[in-house]
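Below is a short briefing on one structure, grouped by topic. Please keep the sequence and the 3D view open while you read.

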Amino acid sequence: MVSRKFFDRIDSIQLENITKKYNDNFAVRDLDLEIQGGELLILIGPSGSGKTTTLRMINRLIEPDEGQIVINNQDIMQFDPVKLRRNIGYVIQDIGLFPHMTIRNNIGLIPKLEGWSQDKITEKVKGLLDFVSLPPDQFLYRYPNQLSGGQQQRVGLARSLAMDPPLLLMDEPFGALDPILRRQLQDEFFRIKQELGRTIVFVTHDIEEAFKLGDRVAIMDGAELIQIGKPEDLIFNPENELVSDIVDSNHKFKHMDALHVKDLMTPMDDKYIFDANLKVSDAISRMTEYNMELGVVFNGSDFKGTVQMVNLLKYEKDEKLHDVAVPSTVFSPTHFVSLALSELKNKNESFAVVMENETPQGLLLSNEVFLKLI
Ligand SMILES: Nc1ncnc2c1ncn2[C@@H]1O[C@H](COP(=O)(O)OP(=O)(O)OP(=O)(O)O)[C@@H](O)[C@H]1O
Ligand SMILES: [Mg+2]
């Protein structure tokens, strides 16, 4: 076994041409997938489509028949599998706490195996219990059967974080919980995700959970990856019928064709209108004051384009907006939303100005449209 330095952060994970068969059946077939450092990637798809198999190949609980998995440019076959797993947190639906061990010892098991002192383990476990909202003085010395399902699930999450792994694999972690508790844990987990800033691969059956937590969503079916993208990519450009069924199980988007830009635009407000003779520095102050990212530039009644905070910062303070404004896509209020969104997507733009008779009516912001729809 070649010994290699373990990663303390994830830059990227590549699954290259991965195939896993059982007898003659493909569990995963020709899978190419790149996971970016720091993202939460969702795997979703019908039962038996290969999600768990994919996840378990990343920590080498299952080894592929073909292809390779590369973390930070190193083939994971070069790592000792036990050590690899200690760098990767793993949370499953049936969390499998040891019934005869206290919560402290369940969470502290791997640190103990790693030779930590008792005091250091207790401190670490207390911190983790706080983190998952279980007061340590109440929970440290309880046994798993003295905890509710949701509390056990939190302990499972705390346990997976014991070694501060840069990568977390989560297989339907909230799947066994009742819907109300599941929502609550999702909300908490969303906070935890922000605080942790880890790379996470998360399997779920619940599309709302996927949209709520995921940065990108990968759809699997019949052992293959069908489509991967941001939620709005899947909704507005589904690869096939299965994808549109999964992402739109509640038929919220089926009526998109009937919606017009005016139904979903952000109405124009004076604060968005900038005079073309304004200086860059003044525009930046005003945008900061109103917490805006975007302005629409007019010279009298002539539309000159738009300015964005990210771009303004690059210009000299004294330049005038008419020199730095850029042309922008314009839609009429009666244009169809579905067409408008696909046009923006094709141009790789995230917003458009809505104008009628040369008068600004509003802004169409693609992520806001998406959020209004889900
Ligand atoms: N050890 C095994 N032996 C034989 N077949 C297996 C084995 N493990 C998985 N499979 C098969 O591989 C396919 C993919 O299984 P996998 O567990 O990855 O599906 P999944 O997408 O996680 O499904 P679910 O949503 O039900 O958890 C299934 O058809 C399954 O029956
Ligand atoms: Mg599974």
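Ligand 1 has Tyr22, Ala27, Ser47, Gly48, Ser49, Gly50, Lys51, Thr52 and Thr53 around it, where a residue is near a molecule if its C-beta atom, placed from the backbone, lies within 6 Å of it. This is a predicted model, in which local features need pLDDT of at least 70 and side-chain atom pairs count only at pLDDT 80 or more, while totals for chains, interfaces and linings use all residues. Residues are numbered from 1 along each chain as its sequence is written, and chains are lettered from A and ligands numbered from 1 in the order in which they are written.

**The shell around ligand 1**
- Helix α1 (residues 51–58) gives the largest share of this shell, 3 residues; helices (H or I, at least four residues) are DSSP runs, numbered from the N terminus.
- Sorted by class, the shell has 2 nonpolar, 6 polar and 1 charged residues. Ala, Val, Leu, Ile, Met, Phe, Trp, Tyr, Cys and Pro count as nonpolar, Asp, Glu, Lys and Arg as charged, and the others, Gly among them, as polar.

**Helix α5**
- Helix α5 (residues 118–131) has 14 residues and reaches 20 Å from its first C-alpha to its last, close to the expected 20 Å (1.5 Å times one less than its number of residues).
- Ile121, Lys124, Val125, Leu128 and Leu129 of α5 are buried (20 or more other C-beta atoms lie within 10 Å of the residue's own; exposed means 12 or fewer, partly exposed in between; C-beta atoms are placed from the backbone).
- The buried residues of α5 line one face of the helix, because they fall within an arc of 135° seen down its axis (the arc of the directions from the helix axis to the C-beta atoms).
- An α-helix has 3.6 residues a turn, so residues three or four places apart point the same way.
- Asp119, Lys120, Gly127 and Asp130 are exposed, on the face of α5 turned away from its buried side.
- The buried residues of α5 pack against α3 (103–107), α4 (109–113), α6 (136–139) and α7 (149–160) (contact means C-beta atoms, placed from the backbone, within 7 Å).
- Serine 133, which follows α5, has a positive phi, near 60°.

**Helix α16**
- Val337, Ala340, Leu341 and Leu344 are buried in helix α16 (residues 337–347).
- These residues are on the same side of α16, because they cover an arc of only 95° around the axis.
- Asparagine 348 follows α16, and its phi is positive, near 60°.

**Domains**
- The domain assignment gives domain 1 (12–255) and domain 2 (258–373); such bounds come from an automatic or database domain assignment.
- The contact takes 7 residues from domain 1 and 8 residues from domain 2.

Note on methods:
Helices (H or I, at least four residues) and strands (E, at least two) are DSSP runs, numbered from the N terminus. Two residues are in contact if their C-beta atoms, placed from the backbone, lie within 7 Å.
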